[in-house]
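Student: Could we go through how some helices pack here? I would like the cut-offs along the way.

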Amino acid sequence: MSRRPFALVLAAASLPMFMATLDNLVMTNALPVLSREMGASVEELQWFVNAYTLVFASAILVAAALGDRFGRRTVFAIGIGVFGLGSVLAALSTDPGQLIVARAIQGLGGAAVLPLSLALLSGAVAPARRPLAIGIWGGVSGLGVAVGPLVGGAIMEGWSWQAIFWINVPVALVAIPLALLVLPNDRGARERIDLWGALLAAAGVLALVHAIVRANDDGWDTIGVIGELALGGILLLAFVLWQARSAAPLIPLRLFRDRSFSVTNLVGFAFSFGTFGAVFLLIQFLQVEQGSTPLEAALQTTPWTLAPMIVAPIAGFIAPRVGTRLLLVSGLALQGGALAWIAAVMSSDVAYATLVAPFIMAGVGMGLVFAPSATALLATLGLVDHAKASGVNSTVRELGVALGTAVMTAVFVGAGGALVPGEYVAAARPAILLGAAVLGVATLAALFLPAGRSETASSAVKIDDETEVSVPAAVG
């Protein structure tokens, strides 16, 4: 298949990813409204987020394997359709239980969209343009983060919360034919699907997150919570052991021999844990404690959410010149420092102007992480491994979102926090500091990435076991 125009390929791979990224922060901004209109509890609010992230994380490796076997474009298009169906069901929900189920269906579709979008993009552009394409892809992801709260706030203020899901439907209707027309139907190794591995991983993660969510109500020292935590750990250990002996593992453990791949996944987990757990709490702080409307809260956070849209493409462009290690270490340090700053100044009557500088600092940090982490993840792996590698990374990141939201909310509730003015700040502060500490650990971990290279150097990217092409170095 001849290569399609660069811009069309970018649009076909990035538009569905933008839709799924947009929906995460649109959902976060809607939580206080859903709490009032549906009577949802703090635990149910967590499941509005975690139903998506847990199903996403559980299904993403299976989706990557299905893409390798039946064609990545085919599975990608099906994922877009399932995501659109979940959006329709979410918009039609009338109680928390229905919305949680609809969010889970969205997560099932998103599991095919996010990892395969990067794999399809890598395979559809010329190797010399791959770093630029990944940088722009990261910028589009940053755009989803940036406009998500704004779109959600504007729609909820001018219409209703249901509309934040309806907007996905026309996007899906455009994205499916575009993907089928423009993207090649790449395949990886045609292996059987490791369903036992998928079940072990899904059950283990679900047990851990469910135990954390219920622990504040039932008690951390109760037999049920301790037993569920132990069960989750045993199931995940069984998953790793199964992967080591499986003929067609969901996660080829050999990938972790690649230092850049291993460190990038550790960093991705910690980044998502600290960042999105804090966002979950901060959006509600602006609405619950300071009385902002959803649109006002979205506008107030734009110094944070708009920065990645600007910074991520720049970071992707300069990564081959300065190396991804410098960018990731800088971004993680800025993000962690910003959260610590926010926790230090947070109060019921803190002036908005006081929050602008740390919001900008956090946004720049986020932008420095998005594109370089995608580049570091794939830089030294063969093209045949890109789908599974992207799947592993997306899984790890979504687990970070789910566990970060659950753990930081557990800290918030455990400190006496509630969704009412006067009972929010004192409990939110230690939770946000926990996020800052996790990002500090991620900063130290990023120092172990391979060293950077000069812009004149080149890196061999493997297409298969026998073929290599030289591209500008973007490792470390």
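**Helix packing**

Tutor: Let's start with a crossing: α10 passes α17 in a left-handed way, meaning that the near helix is turned anticlockwise from the far one by less than a right angle. Helices are DSSP runs of H or I with at least four residues, numbered from the N terminus. This is a predicted model, where local features need pLDDT of at least 70, side-chain atom pairs count only at pLDDT 80 or more, and totals for chains, interfaces and linings use all residues. Residues are numbered from 1 along each chain as its sequence is written, and side-chain values use heavy atoms, without hydrogens and water.

Student: How are α10 and α17 oriented, roughly parallel or roughly antiparallel?

Tutor: The axes of α10 (residues 259-289) and α17 (residues 425-446) come within 9 Å and cross at roughly 160°. Axes are lines fitted to C-alpha atoms over the stretch in contact, with angles from 0 to 180 degrees between N-to-C directions. Over 145 degrees counts as roughly antiparallel, so α10 and α17 are roughly antiparallel.

Student: Is T275 buried or exposed?

Tutor: T275 lies in helix α10. Buried means under 20% relative accessible area and exposed over 50% (1.4 Å probe, protein chains only). At 0% relative accessibility, T275 therefore counts as buried.

Student: Which residues is T275 in contact with, leaving aside neighbours within four places in sequence?

Tutor: Contact means heavy atoms within 4.5 Å. With those neighbours left aside, the contacts of T275 are W304, Q335, M366 and L439.

Conventions. Helix = DSSP H or I, 4+ residues; strand = E, 2+ residues; numbered from the N terminus. Parallel < 35°, antiparallel > 145°, perpendicular 65-115°, else oblique.
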